[in-house]
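Here's a quick walk through how this chain is put together. Have the viewer open and follow along.

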Amino acid sequence: MNEPNHMRRIAIIWFALSVILTPIVVAVIAPTLPPGDATSAADNQLSDDTLLLGIVTPIAVAMIVYFAYTMIVFRRRGEPTEEGPATRDNRAVHIPWLVGTTAIVLFLATFGTVELADAGAGGGEGPEPAFKMTGDVLPVQVIAQQWEFTYRYPTYGGVETAHLELPVDKNVEFHVTSLDVIHSFWAPRLGVKADANPGVDNVAFVKPWQEMSFDIRCSELCGLWHGYMFDTGQVVSESAFEEWIHEQQRTFAPATKFLPKYSTQYFPEPERRAG
Ligand SMILES: [Cu+2]
């Protein structure tokens, strides 16, 4: 019996399926992935994930096709087949394998590094970020403590509020810190998830592109009421933001004057610490 060229058949099936499926995955499935494209940081993550999906689709197709092909074509029928001789070397397999995997890993390492330096990660870059947004930037401090977040606006007299509002289409510079244990400021729709560590100023940049509400959660197990540490933030028009922040300034004026001077970190008295 003349044995067909199995590798060529597998390659043809793989190629045909990849050509059909990769554009579908990239154009149809990828845009529905979280965190969406409502902010600059979220959109960067989405386009990175789209590229990764585009690369991984043909790889996944290769594995599934190979697996299915061997199960169907090489399955045992009737008498058990004899085991073939041990293979020690197969250049046709291992050279493309080494070249292919090395190229993918090196490309992804370069791509990841360039993207990080170019757009930040939304994950906070510590006190001296490599990526910075230039131009008009609104600094907003996120102060985590057991078990709530509060927000300080240093350019508005250092007022501290219990809610987060941001103006649309403005560059925002978060300064994330903590008064007690380790928390994490996570606003999925903003594409921001930054560690909140006591004594650390963790900077993360974002530009919200549309008016919306967004969930905020603590994503670091921080004690008994960790699960209760959530909030809803708003992205509003610039005029609505100005109105809101001035109202906050008026409402909290009596408290603001007793707050410590704005600083990138605070070292509260032990008795101020909860727990
Ligand atoms: Cu927390």
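This is a predicted model: local features need pLDDT of at least 70, side-chain atom pairs count only at pLDDT 80 or more; totals for chains, interfaces and linings use all residues.

**Strand pairing**

Two strands count as paired if DSSP finds at least two bridges between them. On that basis, β9 and β10 pair in the antiparallel sense, over six bridges. Strands and helices here are DSSP runs, numbered from the N terminus (E and at least two residues for strands, H or I and at least four residues for helices).

Residues are numbered from 1 along each chain as its sequence is written.

**The sheet**

Zooming out, there's an open sheet of five strands with mixed pairing, in the order β4-β10-β9-β6-β7. β4 (165–167) and β7 (192–196) are the edge strands, each pairing on one side only. From one strand to the next, the twist averages 20°. Angles run from 0 to 180 degrees between N-to-C directions, and axes are lines fitted to C-alpha atoms, for helices over the stretch in contact.

Helix α4 (residues 238–256) packs on this sheet and touches β4 and β10 (230–236). The direction of α4 makes about 140° with that of β4. Elsewhere in the sheet, β6 (residues 183–187) and β9 (residues 212–218) run antiparallel, joined by two bridges. Phe-185 stands opposite Cys-218 in β9.

**The helix pair**

Now for α1 (residues 6–29) and α2 (residues 40–73): their axes are 8 Å apart, and the two helices pack at about 145°. The contact draws on residues of α1 including Ile-10, Trp-14 and Leu-21, and on residues of α2 including Leu-53, Pro-58 and Tyr-66. Being in contact means that the C-beta atoms of two residues, placed from the backbone, lie within 7 Å.

What classes of residue make up the contact of α1 with α2? They divide into 15 nonpolar, six polar and no charged. Ala, Val, Leu, Ile, Met, Phe, Trp, Tyr, Cys and Pro count as nonpolar, Asp, Glu, Lys and Arg as charged, and the others, Gly among them, as polar.

**Two domains**

The domain assignment gives domain 1 (6–75 + 92–119) and domain 2 (137–272); such bounds come from an automatic or database assignment. Taken over C-alpha atoms, the centres of the two domains are separated by 38 Å. Their contact takes nine residues from domain 1 and 11 residues from domain 2. On the side of domain 1 that touches domain 2, you'll find five nonpolar, four polar and no charged residues.
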